[in-house]
Amino acid sequence: MDKTKGNPHLMKKINKSNILSLIYHQGTISRADISRYTKLNKATVSSLVGELKFEGFVIESGIGTSSGGRRPLLLRFNQHAGSIIGIELGVNFIYIILTDLCANVLWEEKVKTDSLTQQDILNILLSLISKAMNHAPKTKYGIIGLGIGVPGIVNVNKGQILYAPNLNWEDICLTLLIKSKFPKILTKIDNEANLAALGEKWFGAGKNYHNLTYISSGIGVGAGIIINGQLHYGADGVSGEVGHTTIEINGIKCSCGNYGCWEMYASEKAVKRRLIEENYANQFSLSPEEIGHITMDELCNLAKQNEPSVIQVLNEVGYYLGIGIANTIKYYNPEAIIIGNEISKVKKWLRRPIDQVIKRQRLIQQSRYPDIVFSKLNEKSCALGAVASILNKVLQFETPFTNTQ
């Protein structure tokens with residue numbers, strides 16, 4: 001039974017949301033075109049647009065081109081109605097951005113959290129949220145919400161980090177902690193790769209795809225899966241933990257306790273481990289600890305200088321990335337695979353081995369070959385995805401709009 005039938009309030013909310021989403025994604029649009037796209041009559045469109053203008057979400061944006069009659073008045077989404085905070089809580093850093101409602105970054109900061117205690121990291125997180133709020137411009141609705149991506153398994157409904165092996169965190173109710181200090185702000189916690197996939201879908205390399213898989217390869221490996229334009233969570237919300245699938249049955253022990261996990265062979269830590277095993281540290285009078293602190297930007301520069309050990313290791317990691325990506329294609333049959341996080345900085349040396357493995361493992365040679373692309377948003381993927389997760393609730397009218405400033 002269609003629950004919208006006989007429920008005019010719900011039907012109005014759906015229509016209003018559809019109109020606001022259309023205006024947002026179109027950039028500028030006339031009332032007549034809204035009516036044409038949504039199949040709603042002009043009186044309904046005019047009424048709902050009037051409400052959206054009164055609420056401050058839609059503003060007039062000049063006169064459009066005539067198609068034969070009077071030139072239409074154009075509408076656009078009001079990006080200045082409020083602000084959103086997006087955060088990536090990484091394994092060894094916190095990256096935070098403040099944006100307007102069109103995800104334009106107004107302020108950002110990144111703080112290293114190496115060797116800090118859990119409590120210290122949480123204190124820094126709360127301090128950065130306060131700092132972002134202080135940088136927010138005066139707007140009608142103030143800070144509408146904040147989204148946070150974390151590298152682990154998350155109960156999205158409760159905002160609880162169930163297990164984050166690379167952080168060594170377990171059963172942390174992050175939403176409650178944030179609400180204790182910022183009770184009025186809508187807060188959404190999700191897996192880092194899920195939000196990065198959402199960020200690329202809304203603002204980056206995934207704009208033109210309805211079915212995509214984002215592979216996040218940093219210290220660990222995870223995946224965000226979008227099917228028919230929506231994030232796929234699975235029955236218990238843990239879909240996408242591809243980094244802990246086994247690709248070497250008698251392989252290296254992972255932080256999760258399993259052996260031979262994909263992330264032990266296709267991640268930033270895999271690169272550094274292999275450099276140590278290849279005696280790169282001794283070759284250049286570096287300690288293993290110093291190798292551990294080499295950034296992917298520095299490794300990219302070494303590869304550009306044709307450093308053979310580095311190129312060999314990056315090619316090898318590309319091979320293992322290809323194995324996991326080939327499996328992922330078989331699982332989900334996406335239109336595109338987007339590779340992001342730190343490993344994407346050395347994409348030049350990953351592309352060929354990835355393509356070779358994927359082409360070799362294709363089940364049906366005549367089948368559509370998914371596009372293999374790298375992130376366009378780079379280090380902002382997750383934080384912008386966190387912003388998108390809140391913005392999506394704005395467009396769906398799933399958040400109370402009250403001024404928090």
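## Before we start

Contact here means heavy atoms within 4.5 Å. Axes are lines fitted to C-alpha atoms, for helices over the stretch in contact, and angles between N-to-C directions run from 0 to 180 degrees. Helices (H or I, at least four residues) and strands (E, at least two) are DSSP runs, numbered from the N terminus.

This is a predicted model, in which local features need pLDDT of at least 70 and side-chain atom pairs count only at pLDDT 80 or more, while totals for chains, interfaces and linings use all residues. Residues are numbered from 1 along each chain as its sequence is written, and side-chain values use heavy atoms, with hydrogens and water left out.

## The five-stranded sheet

Let's begin with an open sheet of five strands, in the order β6-β5-β4-β7-β11, with mixed pairing. Strands pair if DSSP finds at least two bridges between them. Because β6 (105-112) and β11 (186-191) each have a single partner strand, they stand at the edges, and one side of each is left without a neighbour in the sheet. On average, neighbouring strands of this sheet are turned by 15° against each other, direction ignored.

Strand β7 (residues 143-150) runs parallel to β11, joined by six bridges. Here G147 stands opposite K188 in β11. Helix α5 (residues 174-181) packs on the sheet, where it touches β4 (83-89), β7 and β11, and its direction makes about 155° with that of β11. Helix α13 (residues 381-395) lies across β4, β5 (93-100), β7 and β11, running at about 140° to β4.

## A parallel pair

Now to another pair of strands. Four bridges connect β15 (residues 336-340) with β16, and the two run parallel; I337 stands opposite I372 in β16. In a regular strand the side chains alternate between the two faces of the sheet. Strand β16 (residues 371-374) has I372 and F374 on its covered face, and D371 and V373 on its uncovered one.

## A buried lysine

K201 sits in helix α6 (residues 192-203). Leaving aside residues up to four places away in sequence, K201 touches G206, K207, Y209, H210, L212, I226 and G229.

## Cysteines

The structure holds zero disulfides (pairs of cysteine sulfur atoms within 2.5 Å). The sulfur of C261 lies 3.7 Å from its closest cysteine sulfur, in C256, too far for a bond. For C382, the nearest cysteine sulfur is that of C173, 18 Å away.

Technical notes
Buried means under 20% relative accessible area, exposed over 50%, partly exposed in between (1.4 Å probe, protein chains only).
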